[in-house]
Amino acid sequence: MTNAIHPGSRIRKLMLGILVLALLMLSAACASAASSTTTSQGITFTVSWPDEIKCGTPVSFRFSSSGGSGQMKYRIHSLMDEDGATVYDQSYGQNGAYSDIDHWDFTFCASGSYRIRFGVMDMSTFAYTTTKYITINISDPAYPSVNAIVEDITGECRAKGFATQYEQALWLHDRLLDMCEYDFSYTYCSPEAALARGKGTCEAYHRALVKLLNKMGIETQRITSWDHVWTGVKLDGEWTQIDATWNDTASSNNPDINAQHLYFGLPGEVMERVHTYREAPADPGTSYERNYYIRSGLIDRYTQRFAPSALQQLADGKRAFSLPFSGAYANVLGPLTAYAMHKLPWPGLTLQCSYTGDALKGTLDFLFTCTYDFDLILPAGITVIEAEAFMGSTGFDSVKLPDSCQSIGDRAFAGIANLAIRIPAGVISIGDGAFDAGTVIIGTAGSAAEVWAAANGCTFWVEQEIQ
């Protein structure tokens, strides 16, 4: 008799082997999975996920439910970091919409502790329930925690040895912009987004900057409009405002515009030109001296453009006038230029300068008033200023001659930089080189002083027009 194996027996053994393997794989999968189950409103809702989670790889949170009508849809309810900051913005668009997809995938980008919650809705009865907060702890050496990243960055900042909080904040701001780009999906909104994921919304920029600055001992405040958030910062004792998001998204082909610092250190009255406060900050800041354009001298490119025109207007005897200002970001650069203009040397004059206009064009409005508190007032009765009498003198840059004066000798006030001098109408003789070119001469229209100023490269202001 032949001991033959029937073909059907082989098939049964093969099928049995496959079944055993499948059971082993299922058992292993179950052993390596975590889950959370909630029962409410007649619905039992279970979420399961891998027991070990690694950063940089999508993690699938799987949903199952029983009870109700069976017409179930699921959603991500919330995902927060250990500080309570929202990591995933489920409020925007379809990010948190109910779906019949039975899983939700997410890639973590930093170690740390997270709290996550999911929801289910019976689309027939609209009964719904959510899981309790599920704690996810991740420790992945290749992906440090946000706090560790902050520690490393601020450590680098301290090592730079900056003398001021302004310098520290500027360096941290620039480092943040190097690490992050704007998230146009409007999904990622925590410090993790900006510092580890590399993309985030305005919330991410603001929260990341706050963590960096606070770690350096710099005070901050949260400032919002109806659809935006940016940062109030106290630098070296003065509050100012920084919009890191807009700095990172601004652009310009104009070489005079440093787009990445347009909104660094703006006082409240300038920031209000580009944002509408949802709630006014406790201290919006009034100082322009924490502004990047002012502090770096970049604003000089604008003042140098307008100063000659302003001087010409003054030389023509005008004290109130406007000059056109146009170009991208005019609502920021215009006020900064106006502030910088009044800091230029206007001997004997006080300038009030402001910007009127919108984001593209407007005017710089000038109002000069004569406020001479003369450094040197010569006594009444003097009729002649002798040749070289004050040549090369120091300690003053404005002089008032008495009405009794009739003559000024050669080189009487030569070698005095930025001099402004009031010459009375009774002066009929002014010697050669009495003043250096560029001296501001204040006098009466049609006087010898006006004639001398025109012939010798000096600026002449009509006295009655500026008092």
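Author: The model is a predicted one, and it holds 33 aromatic pairs. One of them joins Phe 61 and Phe 118, whose ring centres are 5.4 Å apart. The planes of Phe 61 and Phe 118 make an angle of 40 degrees, and the pair is tilted. Phe 61 belongs to strand S3 (residues 59–67) and Phe 118 to strand S6 (residues 112–122), so this pair ties together parts that are 57 residues apart in sequence. Both Phe 61 and Phe 118 are buried.

A second pair, Phe 366 with Phe 368, is stacked. Here the distance from centre to centre is 6.3 Å, with 10 degrees between the planes. The angle of 10 degrees counts as stacked because the cut-off for that class is under 30 degrees. Phe 366 is buried, and Phe 368 is buried as well.

Back to Phe 61 and Phe 118: ring pairs link them into a cluster with other residues, among them Phe 45, Trp 49, Phe 63, Tyr 74 and Trp 104. The cluster also includes Tyr 88, Phe 106, Phe 108, Tyr 114 and Tyr 188.

The charged end of Arg 197 sits over the ring of Tyr 188, at 4.3 Å from the ring centre.

Note on methods. Residues numbered from 1 in each chain as written. Predicted model: local features only at pLDDT ≥ 70, side-chain atom pairs only at ≥ 80, totals over all residues. Heavy atoms only, no water. Phe/Tyr/Trp six-rings, centres within 6.5 Å; stacked < 30°, edge-to-face > 60°. Helix = DSSP H or I, 4+ residues; strand = E, 2+ residues; numbered from the N terminus. Buried < 20%, exposed > 50% of the residue type's maximum accessible area, 1.4 Å probe, protein only. Lys NZ or Arg CZ within 6 Å of the ring centre and 35° of its normal.
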